[in-house]
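Please go through the structure below with the explanation that follows.

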Amino acid sequence: MKIGIFGGSFNPPHVKHKKIADKLLENGYIDKLIFVPTGDDYQKKDLIDGIHRYNMLKLICDKDNLLVSDYEVKNGLKYTYETLDYFKSQYPNDEIYFVLGFDNLSYFNKWKNYEYILNNYKLLVISRNDDVLLDFLSDYKNNIIYTNLEKEDVSSSEIRENLKSNRNSNKIDEAVKSYILKHDLYKENLYDFIFKRKSIRKFLDKKIENVDYVLEKVKLYSGVSNSVEFSISLKGYSELKGFNFARAPHYLVVSGKKNQTNLVNIGYILQKWTLWLASIGLGSVWLGLADTKYEKDTIIVIGFGYAAGNLFRNEEFKRKNVSEIYNGNLKFFEATRLAQSGLNGQPWYFLEKNNFIYVFKKENKIMNMFYSLTDLDIGISLANTAIAFENEKKNFEFVFETDSETLEGYTCIGKILL
């Protein structure tokens, strides 16, 4: 019997992993395939516990000859030759094949005991480059099989980012996605940055190399409802107009309709995005009085880039007390208290009553004459609240409902379900 050993982090297992396994079995390259997820000692960014990666792989093993082993998960960091020797000891009368991509093959001579592997085992290479044989492999060509399978372009890091942002991805099996949601895996930890983030007024004169990726992240976040429409663009300092706004290497310009629902949703999305910026070492500043020179319907401009000074605050927040914005006993409303707003007015109040928390917007006719983004501010406060709920393992659900409750001097926006 020919047994394929398919190792990797599988963080998480996705459609490409499953398709490779199926094709190798269907086309007769091997008779059995065993997934071998790496142990937790494997130093890789965002690597979740091996037991979860093992369990998720079990969910996609839908054939008798498609298996998963916890050998490396239980035994920690192992060199490939050690893993292959282990499976040879388990299947002494069978042929052991090691499955890998051509990108790994190209530097295989850097692997521990690579010649031992090539002398004792066969490599099953996922590549159409069957006419390419690297010099250091020339003596082992009989032990290298090119599968002629097309390698699909699926990015595990992109899948993780989608899961962090909106808890969804079309590149993973539904059973795997359900497992991820059930166990709260790949969640974005923005909570800590609520207490550290500050508005950056001075930026380094340095461009972000992967700025397109940073912009695309905005689109991955969902609002508090599906009723959100906006467009984004990237601008430079010379393309903006306004009074005394911070000079940044990049500006995100958000345009769209300025109705209440849209503004609340946009504030919610952008707050999460700016907290995410802080989590990857980038500063930001909301510029409510800035505008573009040539575009209409600008809602908000956010400058962002590398901070010239401290990225995080050392000083105390200048905010209202919790009792001034919330009447209940939930301790984590401190995160809501720290939400920023135009002119630092914090124009919101959260009224806990009858298993709901009603969200109100403060009415201020004088302020409304020169400031039109109060609904955006409400969205910012809801984002902080949602992040705090999630940090406490509580479900956050907000519905727009303008006439459900009254409070003198305020207008009801909607309610959070408890």
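A residue is called buried under 20% relative accessible area, exposed over 50%, and partly exposed in between, with a 1.4 Å probe and protein chains only. The model is predicted: local features need pLDDT of at least 70, side-chain atom pairs count only at pLDDT 80 or more, and totals for chains, interfaces and linings use all residues. Residues are numbered from 1 along each chain as its sequence is written, and side-chain values use heavy atoms, with hydrogens and water left out.

Leu 343 has 63% relative accessibility and therefore counts as exposed. Leu 343 lies in the loop between α12 (334-337) and β13 (348-353); helices here are DSSP runs of H or I with at least four residues, strands are runs of E with at least two, and both are numbered from the N terminus. Leaving aside residues up to four places away in sequence, Leu 343 touches Met 367 and Phe 370, where contact means heavy atoms within 4.5 Å. From Leu 343 to Ile 357 the separation is 14 residues in sequence and 25 Å in space, C-alpha to C-alpha.

Ala 248 is also a loop residue, placed between β8 (240-241) and β9 (250-256). Its relative accessibility is 8%, so Ala 248 counts as buried. Apart from residues up to four places away in sequence, Ala 248 touches Phe 203, Gly 303 and Phe 304.

Next comes the sheet. Strands of a sheet pair through backbone hydrogen bonds, either parallel or antiparallel. Here four strands form an open sheet in the order β13-β14-β16-β15, with antiparallel pairing; two strands pair if DSSP finds at least two bridges between them. β13 and β15 (398-400) are the edge strands, each pairing on one side only. From one strand to the next the twist averages 30 degrees; angles run from 0 to 180 degrees between N-to-C directions, and axes are lines fitted to C-alpha atoms, for helices over the stretch in contact.

β13 and β14 are antiparallel and joined by six bridges, and Trp 348 has Lys 361 of β14 as its bridge partner. The two strands β13 and β14 form a hairpin with two residues between them, and Asn 354 in the turn has a positive phi of about 55 degrees. Strand β14 (residues 356-362) is in turn joined by seven bridges to strand β16 (residues 410-417), again antiparallel. Val 359 has Gly 414 in β16 as its bridge partner. Helix α14 (residues 374-391) packs on the sheet and touches β13, β14, β15 and β16; its direction makes about 150 degrees with that of β14.

The helix pairs remain. Two packed helices are described by the angle between their axes and the distance between the axes. Helix α7 (residues 156-166) and helix α10 (residues 211-220) have axes that come within 9 Å and cross at roughly 45 degrees. α7 and α10 are therefore oblique to each other, given that angles under 35 degrees count as roughly parallel, over 145 as roughly antiparallel, 65 to 115 as roughly perpendicular and the rest as oblique. Glu 161, Asn 162, Ser 165 and Asn 166 of α7 make the contact with Tyr 213, Lys 217 and Leu 220 of α10.

α10 also packs with helix α11 (residues 260-279), at an angle of about 145 degrees and with the axes 9 Å apart. Here Tyr 213, Val 214, Lys 217 and Val 218 in α10 meet Ile 269, Leu 270, Trp 273, Trp 276 and Leu 277 in α11.
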